[in-house]
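Here's a quick briefing for anyone meeting this structure for the first time. Have a look at the sequence and the 3D view, then read on.

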Amino acid sequence: MAPYQAIVEQAIDAMIFVDRDGLIRVWKRAAETLFGFAAAEVLGTSVDVIIPERLRAAHWRGFHAAIDSGRTKSGGRATVTRSLRKDGGKLYVELSFGLVTDPAGAVLGALAIGREKPA
């Protein structure tokens with residue numbers, strides 16, 4: 001395992017990378033604990049799996065705006081949002097978002113880092 005992979009895996013927060021099409025490409029073990037889905041269940045599927053249906057339209061508007069503009073609305077600040085667990089339970093998560101770019105600056109997708117927000 002490369003050193004950067006060990007750093008990512010040992011961080012306590014959930015980390016999820018979603019490509020430009022909204023498909024989950026990285027699902028860290030802490031995300032498994034937070035949301036209840038094993039990586040094998042969600043890799044290659046839409047991030048909708050953890051987004052409540054009533055919030056999806058707003059999520060996708062923001063996602064596409066960030067991908068198209070090359071910057072997030074939150075500017076790297078964490079925001080609290082509602083999410084879903086595998087068992088259908090709801091939770092509040094504190095997430096920070098960033099865009100991942102290639103060496104030429106083209107946006108490859110979005111990274112979300114977060115944890116459950118205590119009630």
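Which residue in E4 does Ser83 stand opposite? The residue facing Ser83 is Leu91 in E4. Keep in mind that this is a predicted model, with a mean pLDDT of 91 for the protein chain. The points below go through confidence, the sheet, the charged pairs and the aromatic rings.

**How confident is the prediction?**

- In the protein chain, 98% of the residues reach a pLDDT of 70 or more.
- Among the elements, the lowest mean pLDDT belongs to helix H1 (residues 3-10), at 76.
- At the other end of the scale sits helix H3 (residues 39-42), which has the highest mean pLDDT, 96.

**The sheet**

- Five strands make up an open sheet, and if you walk across it you meet them in the order E2-E1-E5-E4-E3. The pairing is antiparallel.
- Strand E2 (24-27) and strand E3 (79-84) are the edge strands, and each has a single partner strand, so one side of each is left without a neighbour in the sheet.
- From one strand to the next, the twist averages 35°.
- Strand E1 (residues 14-19) and strand E5 (residues 107-116) run antiparallel and are joined by six bridges. In E5, Ala110 is the residue that Val18 stands opposite.
- Six bridges also link E3 with strand E4 (residues 90-101), again in the antiparallel sense.
- The hairpin of E3 and E4 has five residues between the strands. That's where to look for Gly88, which takes a positive phi near 90°.

**Charged pairs**

- Side chains of opposite charge can pair when their charged atoms come close.
- Is Asp13 buried or exposed? Its relative accessibility is 17%, and buried means under 20%, so Asp13 counts as buried. Arg115, at 40% relative accessibility, counts as partly exposed.
- Arg115 isn't the whole story for Asp13: leaving aside neighbours within four places in sequence, the contacts of Asp13 also include Lys28, Ala30, Ile113 and Gly114.
- Asp19 is buried at 12% relative accessibility, whereas Arg25 is partly exposed, with a relative accessible area of 44%.
- Glu116 is partly exposed, with a relative accessible area of 40%. Arg85 counts as partly exposed too, at 24% relative accessibility.

**Aromatic rings**

- A pair of aromatic rings is described by the distance of the centres and the angle of the planes. Searching the whole structure turns up two such pairs.
- One of them brings together Trp27 and Phe35, with ring centres 5.6 Å apart and planes at 40°, so the pair is tilted.
- Trp27 counts as buried at 5% relative accessibility, and Phe35 is buried as well, with a relative accessible area of 2%.
- Trp60 and Phe63 form an edge-to-face pair, with 5.2 Å from centre to centre and 80° between the planes.
- Where do Trp60 and Phe63 lie? You'll find both in helix H4 (residues 53-69), three residues apart, which is about one turn of the helix. Trp60 and Phe63 are both buried.

Terms used:
Residues are numbered from 1 along each chain as its sequence is written. Side-chain values use heavy atoms; hydrogens and water are left out. pLDDT is the predictor's confidence in each residue, from 0 to 100. Helices (H or I, at least four residues) and strands (E, at least two) are DSSP runs, numbered from the N terminus. Two strands pair if DSSP finds at least two bridges between them. Axes are lines fitted to C-alpha atoms, for helices over the stretch in contact, and angles run from 0 to 180 degrees between N-to-C directions. Buried means under 20% relative accessible area, exposed over 50%, partly exposed in between (1.4 Å probe, protein chains only). Contact means heavy atoms within 4.5 Å. Rings of Phe, Tyr and Trp (its six-membered ring) pair if their centres lie within 6.5 Å; planes under 30 degrees apart count as stacked, over 60 as edge-to-face and the rest as tilted.
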